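Here are a few notes to read alongside the model. Keep the picture open and find each piece as you go.

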There are 2 protein chains.
Amino acid sequence: MEGNRITGMSDPVILHWHQHAVSREEREQLHKHRGCVIWLTGLSGSGKSTLANVLDHKLFSMGCHSFVLDGDNIRHGLNASPEILAPVHGKEFAARFGLGFSPQDREENIRRIGAVAKLFCEAGVIAITAFISPYRRDRDLVRKSLRQGDFIEVFLDAPLEICEARDPKGLYKKARAGLIKGFTGIDDPYEPPDHPELRLDPVRFSPEELADTVIAYLKERAIIFPSR
Amino acid sequence: MEGNRITGMSDPVILHWHQHAVSREEREQLHKHRGCVIWLTGLSGSGKSTLANVLDHKLFSMGCHSFVLDGDNIRHGLNASPEILAPVHGKEFAARFGLGFSPQDREENIRRIGAVAKLFCEAGVIAITAFISPYRRDRDLVRKSLRQGDFIEVFLDAPLEICEARDPKGLYKKARAGLIKGFTGIDDPYEPPDHPELRLDPVRFSPEELADTVIAYLKERAIIFPSR
């Protein structure tokens, strides 16, 4: 640690530079698990949010530090729409930085979520993201931004027919009626991962069973330490 | 918890909806401290990063969960410049979403940092931000986005002459030479907080002493629980 002496003061003070925040490894030793990003991807209605929350609860009950990033906490804040931003920041600002559903906006949506998930990962947290994230390239960019092994892509592989039959938010119905444009699976593609770390079947298995599969993976890879 | 029975499958599965992530309060009971945002503000060279890191280390050694958001981990990721974004995302994308130093870009810079700090706060983490954040309005918008008591504005009140004499990154020199435009304190204003939760004197007191003052405040307000 270097010292930088401020002179000319009545009370000279030694100021220390180049101090770093607590390292990721130090936090991980305390938590007894590594930080990582569990990136759930799949069609609307494939059960991403449900799995994210069940997993979060299970990890919490084990004393692990996890956090869910999903539409609820992202779309009203970090990635707010122009309509949300305009009253506070003005229309010009909102038009530039607010996110809608154009290809560019979707790309930026995933880019920002990836950057935040990375921060949580660096903080030693198991970040769980629950977004359709339909484009392979966007997901792969997040993967590349992280350290090898930190990105755990979990594909919820449910057939469109099942997701559409479930339609928990009534979005497929609206998309079929032409009220939503560019809806994934209807008039916009979903690009499944080629080599996800985990491919899960949310039709045959319950969210509880799927969460256990993810946790088994985390233990197998020593993301959750054996000492825990 | 509601159940939604998917029929027509060989293996009917009960899917549970409306499950929420672990609540902030549950996490806080486990951590024995609340989440909050410690928002450091002050001129370049006033010691924000140093204080942030000393505070982070002290909180960590107490077993508290804290994390520093600063230029190092924000400017290369979430709030990357057009120059960083262009090679990966293309020039048009970079021009729209990349952040420079125009008034609008600075506003968005602080808005995104505030949104991320809020997420950490919801995760039960003591988020420490270390940015000049010169405009009162931008800081007040972050304050308003948080629950009452969650925003702790800490003003590092050092005279410009001292900060400029220290000039740890050589930025004042560059600004005086006209190589940096719109530099806070030189040709762009710094608007001090009217009612910061803490006003600290980084000339008379060491970063260690200032960190202790912040921690005393956190205990006094029961952000760090008395039971800890």
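The points below cover a sheet, a helix packed on it, and a pair of helices.

1. Before anything else, remember that this is a predicted model. Start with the sheet in chain A: 5 strands make an open sheet, and reading across it you get β4-β5-β3-β6-β7, with parallel pairing.

2. Now look at the edges. β4 (66-70) and β7 (198-200) of chain A each have a single partner strand, so one side of each has no neighbour in the sheet. Going from one strand to the next, the twist averages 20°.

3. Zoom in on one pairing. β3 (residues 36-41) and β6 (residues 151-156) of chain A run in the parallel sense and are joined over 5 bridges. To find your place, look for T41(A), which sits opposite F155(A) in β6(A).

4. Next, the helix pair. In chain A, the axes of α2 (residues 48-61) and α10 (residues 207-220) come within 9 Å and cross at roughly 60°, so α2(A) counts as oblique to α10(A). The crossing is right-handed.

5. Who does the touching? On the α2(A) side, the residues include L51(A), V54(A) and L55(A), while α10(A) brings, among them, L210(A), V214(A) and I215(A). Sorted by class, this contact has 10 nonpolar, 1 polar and 3 charged residues.

Methods:
Residues are numbered from 1 along each chain as its sequence is written. Chains are lettered from A and ligands numbered from 1 in the order in which they are written. This is a predicted model: local features need pLDDT of at least 70, side-chain atom pairs count only at pLDDT 80 or more; totals for chains, interfaces and linings use all residues. Side-chain values use heavy atoms; hydrogens and water are left out. Axes are lines fitted to C-alpha atoms, for helices over the stretch in contact, and angles run from 0 to 180 degrees between N-to-C directions. Helices (H or I, at least four residues) and strands (E, at least two) are DSSP runs, numbered from the N terminus. Angles under 35 degrees count as roughly parallel, over 145 as roughly antiparallel, 65 to 115 as roughly perpendicular and the rest as oblique. A crossing is left-handed if the near helix is turned anticlockwise from the far one by less than a right angle, and right-handed if clockwise. Contact means heavy atoms within 4.5 Å. Ala, Val, Leu, Ile, Met, Phe, Trp, Tyr, Cys and Pro count as nonpolar, Asp, Glu, Lys and Arg as charged, and the others, Gly among them, as polar. Two strands pair if DSSP finds at least two bridges between them.
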